[in-house]
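I opened the notebook today to go through a model, one item at a time. Here is what I looked up, in the order I got to it.

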Amino acid sequence: MAIPRQLPNAITIVRILCAPVFLWLLLADGGSDGPLRWWAAALFIVAIATDGIDGYLARRHDIVTDLGKLLDPIADKVLTGFAFIGLSILWELPWWITIVVLIREIGITVYRFVVVSDHVLAAAWMGKLKTVAQAVALSLALLPLWTLMGEWIWWVNGVTMTIAVILTIASGIDYVVSELRAGRRKTA
């Protein structure tokens with residue numbers, strides 16, 4: 001069964017449009033542990049999970065596009081960036097973590113736009129691993145699980161967030177090194 005060629009990119013665009021709605025839900029009641037917090041977490045989890053769906057559909061039906069390669073990582077960055085910012089606004093995540101993550105994410109995104117006329121910088125395996133780690137860490141931080149499981153869940157959140165931050169930094173370094181090597185091969 002053929003799917004519309006635009007479906008994967010449409011899913012990606014919907015993910016981008018979900019980000020401000022998610023942030024509003026998270027901040028609307030000051031981040032309290034009520035229904036809006038649960039809805040914000042659920043929307044984030046569903047939106048970040050569709051990352052795999054649009055990529056799978058594009059590859060499975062051989063409709064991978066340069067626009068999709070460009071928009072897909074941007075959708076991830078917008079959604080996760082809003083989550084990092086929201087958690088820092090609520091003082092549930094130190095601002096230095098959000099700043100480090102945003103510098104890496106914005107830097108790679110700007111670089112993608114700079115080189116787009118030369119080549120499309122698709123997500124590498126380490127970048128995809130970073131996105132999964134961020135998705136898990138942010139999902140755990142957004143869900144008010146402490147209301148159900150107790151305060152020990154903060155320790156789990158801390159461990160998963162630490163892994164996500166380490167992978168964020170490592171994948172940024174990996175992108176820079178890969179691009180430098182590719183540039184050297186191109187000039188040689």
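**Entry 1**

I started at Asp72, which sits in helix α3. This is a predicted model, so I kept that in mind throughout. Is Asp72 buried or exposed? Its relative accessible area is 19%, and the cut-off for buried is under 20%, so Asp72 counts as buried.

Next I asked which residues Asp72 touches, leaving out those up to four places away in sequence. I found Thr12, Arg15, Asp51 and Asp54. Some of these names came back when I looked at charges: Arg15, Asp51, Asp54, Asp72 and Asp76 are linked in a network of salt bridges.

I then went to Arg15. With a relative accessible area of 1%, Arg15 is buried. I looked up two of its salt bridges.

The side chain of Arg15 meets that of Asp51 at 3.5 Å, N to O. Arg15 belongs to helix α1 (residues 7-28) and Asp51 to helix α2 (residues 35-60), so this pair ties together parts that lie 36 residues apart in sequence. Asp51 is buried too, at 17% relative accessible area.

With Asp54, the N to O distance of the Arg15 salt bridge is 2.6 Å. Here again distant parts of the chain are linked: Asp54 is in helix α2 and Arg15 in helix α1, 39 residues apart. I noted that both Asp54 and Arg15 are buried.

**Entry 1: another buried pair**

How many salt bridges does the structure hold? I read off 8. One more that I wrote down joins Lys130 and Glu105, whose closest N and O atoms are 2.9 Å apart.

**Entry 2: helix α1**

Since Arg15 had taken me to α1, I looked at the whole helix. It has 22 residues and reaches 31 Å from its first C-alpha to its last, close to the 32 Å expected at 1.5 Å a residue. Where is the kink in α1? I found it at Cys18, about 25°, shortly before the proline Pro20.

Then I listed buried residues of α1; among them are Ile11, Thr12, Arg15, Cys18, Ala19, Phe22, Leu23 and Leu26. An α-helix has 3.6 residues a turn, so residues three or four places apart point the same way. What covers the buried residues of α1 includes α2, α3 (66-89) and α5. Just after the helix, Gly30 takes a positive phi of about 70°.

**Entry 3: helix α7**

I gave α7 (residues 153-187) the same length check. Its 35 residues should span 51 Å at 1.5 Å a residue, and its end C-alpha atoms are 51 Å apart, which agrees. Its buried residues include Ile153, Asn157, Met161, Ala164, Thr168, Gly172, Tyr175 and Glu179. Which helices do the buried residues of α7 pack against? I noted α3, α4, α5 and α6.

**Entry 4: Trp146**

From α6 I picked out Trp146; the helix covers residues 146-149. Trp146 is buried, with a relative accessible area of 15%. Leaving out residues up to four places away in sequence, Trp146 touches Asp33, Arg37, Glu92, Ala141, Ile153, Trp154 and Asn157. Two of these contacts, Ile153 and Asn157, are also on my list of buried residues in α7. I also looked up a distance: the C-alpha atoms of Trp146 and Val110 are separated by 37 Å, and the two residues are 36 apart along the chain.

**Entry 5: a nonpolar patch**

Last, I turned to the surface. Which residues form a nonpolar patch there? They are Ile89, Trp91, Trp95, Ile99 and Ile103, with about 570 Å² of accessible area together. Helix α4 (residues 95-115) gives the largest share of the patch, 3 residues. Trp95 is found in that helix, and at 31% relative accessibility Trp95 counts as partly exposed.

How values were computed:
Residues numbered from 1 in each chain as written. Predicted model: local features only at pLDDT ≥ 70, side-chain atom pairs only at ≥ 80, totals over all residues. Heavy atoms only, no water. Patch = residues over 30% accessible without salt bridge, like charges linked within 9 Å, V, L, I, M, F, W, Y side chains within 5 Å. Areas by Shrake-Rupley, 256 points an atom, 1.4 Å probe, with all protein chains shown as cover. Salt bridge = Lys/Arg side-chain N within 4 Å of Asp/Glu carboxyl O. Helix = DSSP H or I, 4+ residues; strand = E, 2+ residues; numbered from the N terminus. Buried < 20%, exposed > 50% of the residue type's maximum accessible area, 1.4 Å probe, protein only. Expected span 1.5 Å × (residues − 1). Bend = angle between axes of the 7 residues up to and from the residue. Contact = heavy atoms within 4.5 Å.
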